[in-house]
Amino acid sequence: MSVPDAKIPSGPIESKWENHKFNLKLVNPANKRKFTIIMVGSGLAGASAAASLAELGYNVKCYCYQDSPRRAHSIAAQGGINAAKNYQNDGDSIQRLFYDTLKGGDFRAREGNVYRLAELSVDIIDQCVAQGVPFAREYGGLLSNRSFGGAQVSRTFYARGQTGQQLLLGAYQALERQIGLGKVKMFTRSEMLDLVVVDGHAKGIIVRDLVSGKIESHTADAVILGTGGYGNVFYLSTNAKGCNVTATYRAYKKGALFANPCFTQIHPTCIPVSGEYQSKLTLMSESLRNDGRIWVPKKAGDKRKPQDIPDSERDYYLERKYPSFGNLAPRDISSRSAKEMCDEGRGVGESGLGVYLDFSDATKRLGKEVIEDRYGNLFEMYNRITGEDPYSQPMRIYPAVHYTMGGLWVDYNLMSNIPGLFVLGEANFSDHGANRLGASALMQGLADGYFVIPYTIGDYLAQSVKKSISADSKEFKRAEQDVEMRVKKLLSVRGKRTVDSFHRELGKILWDKCGMARDAAGLKEALRRIPELREEYWKNVNVLGDNQELNQSLEKAGRVADFLEFGELMCLDALERRESCGGHFRTEYQTEDGEALRNDAEFSHTACWEYKGDNNAPQRHKEELTFEFVKPSTRSYK
Amino acid sequence: MNLTLHVWRQKNAQNPGRMETLQAKDISPEMSFLEMLDVVNEDLIAKGQDPIAFDHDCREGICGICGLMINGVAHGPEASTTTCQLHMRHFHDGQDIYIEPWRAKAFPVIKDLVVDRSAFDRIIQAGGFVSVNTGGTPDGNTLPISKRAADKAMDSAACIGCGACVAACKNASAMLFVSAKVSHLSHLPQGQVEREERVMNMVAQMDAEMFGACSNQYECEAVCPVNISVFNITNLNREYFKAIRKK
């Protein structure tokens, strides 16, 4: 097998999407109601797609593991959403957002996809405003913008520190409206445990009802996954506790290609870890870097209180190393710099794993009131978690796993290599290359859901042969049995260790060996240790209770079992990518002053992994990246 | 520190529940309340006992899925805080802590501390939206909205739908939740077209779900983790009466 054609339309970049839309086949309005579409996930991508498809007339079945679609983790995004509106008259344009995103991703994304994303960004804002999303406004009544990491223009729209929440509620309300109209059937507290492929086409999923434990087949004419990223493979991350790789990993095991799994993003501004029991990490919006200055003491091991360290003995390292972007350097660079400082013994706080984010200069310049207005809720949150007051002493921050750029491979239509299986949002690999810029995740989720899938899925459905799919067919029955067997197996081990203890151990291996900095020796060690841990898991995990009830340990056990396989794939991908780019930093490949050293001659491609059976190594395929409109340059933020 | 927990245990909606006493040992004040429960659960699993079921997800106070009655107070002793953001430094060594699920007829218990809040979704289905389809919307800046109106709308829109307001209310009223959505949309020009039907339909659904009436005790506001004000309820009543009059 090779990687299928990505179907990037030819022609000038500005008209690719426009021409493509014209060439896509249509399903006439009377026929749309004859099709059923499964949407797994109800975050920004899932809710917006489910609502938009139902509005067009399709029958939609939507699934989420939470008790309501409004809980999906998109809700936690704080800072904002980018759009090339140029409302600020500061020189923004679609071309510039396209360029910033492609460069931010260290030239490891497709030009065509990224341009379309920039193009659609402007429609998203209009759509959300019409839904009543309460974006921040200027006194004259127009929309307000802020600047964000990796950009020199102000193009980020926001709703206080709760942009993700407000955008999700907008999409959720649109979805609830369609549920009320009977066009979407919503399945909450339901988890997809397998994909069913019939005659080479995705035709349904196997779902476990988390309350009754019932395992059931659900059929459809097409399946869409909007199930988010796999950051929780690290155990500690800023993801919600329930976020998992199961849906995409199960699809991978049914033949879907997994692209660039090693591209993970470590967010620079999170609250440092405080102890072993810690269950998750909390992100502080990157917007804090607009006014906060990041520093560490110049001297290693300086244990004085921050206020006792005079300015001359502080190292504002981002301002020093990257004078033109300063504290607004992109995420991967900021995170890695923080790690370097801590590795040099200049980290702050009890553990030495932290750097200061200081607002004293900004407070002097703008006054406490302005700072409070801009960041009040974030300061409160910090205070609640740490017990420290950021108005009187600098915050301590440290990088944490936040987002995963890798995901299932999709073509320009967002369809995977399995016909009829589409993948949206963070779950796919498509738009952010090796590093995502701040305020671009919300943009991608909504672009995919509101403005891409409603067009492209029609093209597939119009050309597919309409067949009635029965949940009694052998493919569904076999998948159901597989799922049941696996559940039984997990419940029958009754070993000595809890699921969490395995998950924590896996996370530690990955954070140490496949985290902010990676090298061949470490990755090889991880590749040895993960299979050992997995073997122990199936012999020694302890999952209590039974299948016929709400059993949260069982839910976790299934997810961790998949993480234990997926973690290996991630390390393998990191080992094979012998270059540094974006969030993937291989210590062997760096410039003299410690910057990432890309290798365009050998690695200007997307790595696409094909599952070859549990006992065989997966096969690595390549999709070459071609750059017609932008010449890949060495990323410089100096 | 060591704590004595009294936790509501209930196998499922069909079986009656009861309080169970458990010990939480070596709890650090830096832990969150849910991390404390994680530790207790790890301990229970090691002993071969069924861990306590509780809803949790984002653990940063925004998804709204968590919610426990802690010593009789929804989300516990700290003001403006969700259960997941409550830290153990607010408790002391040797303390007895009573942990119960949200209790309301409209929120039946599923297991232990997990309740069914789908009634909230059905209230939103009844009218908590602006009926615009995807596409064809005008440019965002063609509709100027005063900063004051946008800020007020945002104050109301901040509701996380956790249900603490219902749990705290002696009548199990959902007025704060419903009023927050009605107010969010009534403050904005986008919400004007369907203003009357929205409030009528949402209130009708709220009643159908068996939530109680508001008797102005403001317990809801006191426990709300995101400070939704009871002025939203005043606004809801006003919107409702205006809508009835027009009918």
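**Close-up views of a predicted two-chain model**

**View 1. The surroundings of Gly161(B).** Leaving aside residues up to four places away in sequence, Gly161(B) touches Arg70(A), Gly64(B), Phe120(B) and Phe177(B); a contact requires C-beta atoms, placed from the backbone, within 7 Å. The model is predicted: local features need pLDDT of at least 70, side-chain atom pairs count only at pLDDT 80 or more, and totals for chains, interfaces and linings use all residues. Residues are numbered from 1 along each chain as its sequence is written, while chains are lettered from A and ligands numbered from 1 in the order in which they are written. Gly161(B) lies in the loop between helix H3 (147-157) and helix H4 (164-168) of chain B; helices are DSSP runs (H or I, at least four residues), numbered from the N terminus. Gly161(B) is buried because 23 C-beta neighbours lie inside 10 Å (the cut-off is 20 or more other C-beta atoms within 10 Å).

**View 2. The side of chain A that touches chain B.** Here 63 residues of chain A are in contact with 65 residues of chain B. H6(A) provides the largest share of this side of chain A, 9 residues.

**View 3. The packing of H3(A) with H12(A).** The two axes come within 8 Å and cross at roughly 20 degrees; they are lines fitted to C-alpha atoms over the stretch in contact, with angles from 0 to 180 degrees between N-to-C directions. H3(A) is therefore roughly parallel to H12(A), a term for angles under 35 degrees. Among the residues making the contact are Leu44(A) of H3(A) and Tyr450(A) of H12(A).

Definitions and conventions
Contact = placed C-beta atoms within 7 Å. Helix = DSSP H or I, 4+ residues; strand = E, 2+ residues; numbered from the N terminus. Parallel < 35°, antiparallel > 145°, perpendicular 65-115°, else oblique. Buried ≥ 20, exposed ≤ 12 C-beta atoms within 10 Å, placed from the backbone.
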